[in-house]
Amino acid sequence: PLKDSGTPDAPAETSGLSEAEPGPDPRDLASPEPEKRFRALMHFAGQGADLTARLLKYLESEPSGISPDQYHDLKINILRLVARTMPSGIDNTLFAVLNQKKIGNSVKFAVYNALEAFPKLESGASLIKGLSEPGLCVRIAAIKALDKNLSDFVCAEIKNLVESGTQKGEI
């Protein structure tokens with residue numbers, strides 16, 4: 001079939017999420033080929049918040065067939081999609097990612113950047129923990145997320161940290 005522009009439709013690939021949805025496999029977000037990765041990122045960003053929310057399962061467990069380095073890239077790109085599409089009700093999932101035992105600074109940074117995109121979080125006070133992270137870029141991302149979700153309670157908690165003289169307040 002031809003589109004309105006007179007070009008033929010490209011054959012649809014299976015997405016790995018369901019047979020009914022055409023598009024790239026979610027693991028293409030971690031492809032070593034930049035063009036394939038970019039096409040997957042653009043495809044999933046165009047699908048909106050519902051599809052992005054279904055991609056969150058990859059933040060919790062590593063899919064088969066990819067290396068640990070690729071899994072890291074997959075996490076980062078899913079978090080970029082979260083920041084771009086802002087699916088509702090996923091802030092608890094993002095905080096769960098922050099509470100994982102082995103998580104690198106780049107993933108923490110991406111989580112705080114994703115949290116910054118949300119105008120009002122249910123638990124903005126949970127962002128305060130990011131102020132005591134050892135990585136400077138993570139602390140800055142946490143501060144930016146706190147700035148977007150500032151409340152009286154968050155201000156009081158920050159004031160308590162500063163007044164207590166603990167290292168957490170001496171940033």
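Contact here means heavy atoms within 4.5 Å. With that settled, here are some notes on the chain above.

1. **Ground rules.** This is a predicted model, in which local features need pLDDT of at least 70 and side-chain atom pairs count only at pLDDT 80 or more, while totals for chains, interfaces and linings use all residues. Residues are numbered from 1 along each chain as its sequence is written, and side-chain values use heavy atoms, with hydrogens and water left out.

2. **Overall make-up.** The protein chain has 8 helices and 0 strands, where helices (H or I, at least four residues) and strands (E, at least two) are DSSP runs numbered from the N terminus. Read from that end, the order of elements is α-α-α-α-α-α-α-α. Of contacts between residues at least 6 apart in sequence, 55% join residues at least 24 apart.

3. **Surface and burial.** The accessible surface of the protein chain is about 10000 Å², and carbon and sulfur atoms account for 53% of that area. Accessible areas come from the Shrake-Rupley method with a 1.4 Å probe, and for residues only the protein chains shown count as cover. Buried residues make up 40% of the 171 residues; the term buried means under 20% relative accessible area, exposed means over 50%, and partly exposed lies in between (1.4 Å probe, protein chains only).

4. **The nonpolar core.** A nonpolar core is a set of buried Ala, Val, Leu, Ile, Met, Phe, Trp, Tyr and Cys residues joined through side-chain atoms within 4.5 Å. The largest one holds 43 residues, and the members that touch the most others are L29, I78, L94 and L115. Two or more residues come from each of α1 (34-47), α2 (49-55), α3 (57-60), α4, α5, α6, α7 and α8 (152-164). Helix α4 supplies the largest share, with 7 residues.

5. **A look at L94.** Which residues does L94 touch, not counting residues up to four places away in sequence? They are L59, L79, V82, V111, A114, L115 and F118. L115, in that list, is itself one of the core members that touch the most others.

6. **Helix α6.** This helix covers residues 105-117, and its 13 residues should span 18 Å at 1.5 Å a residue; the end C-alpha atoms lie 19 Å apart, which agrees. The expected span is 1.5 Å times one less than the number of residues. Buried in α6 are V107, K108, A110, V111, Y112, A114, L115 and E116. These buried residues pack against α4 (68-85), α5 (91-98) and α7 (136-148). As a reminder, an α-helix has 3.6 residues a turn, so residues three or four places apart point the same way.

7. **K108 and E133.** A salt bridge is a side-chain nitrogen of Lys or Arg within 4 Å of a carboxyl oxygen of Asp or Glu, and the whole structure has 5 of them. In one, the side chains of K108 and E133 meet at 2.9 Å, N to O. K108 belongs to helix α6 and E133 to the loop between α6 and α7, so the pair ties together parts 25 residues apart in sequence. Are these two residues buried or exposed? K108 counts as buried because its relative accessibility is 13%, and E133 counts as buried at 11%. Leaving aside neighbours within four places in sequence, E133 is in contact with K108, V138 and R139.

8. D25 pairs with R27, the closest N and O atoms being 3.1 Å apart. D25 is buried at 18% relative accessibility, whereas R27 is partly exposed at 32%. K36 pairs with D28, with 3.9 Å between the closest N and O atoms. Here K36 is partly exposed, with a relative accessible area of 31%, and D28 is buried at 12%.

9. **Cysteines.** How many disulfides are there? The count is 0, taking a disulfide as a pair of cysteine sulfur atoms within 2.5 Å. C137 counts as partly exposed because its relative accessibility is 40%, and C155 counts as partly exposed at 37%.

10. **I140, to finish.** I140 sits in helix α7 and is partly exposed, with a relative accessible area of 43%. The C-alpha atoms of I140 and F109 are 8.6 Å apart, although 31 residues separate the two along the chain.
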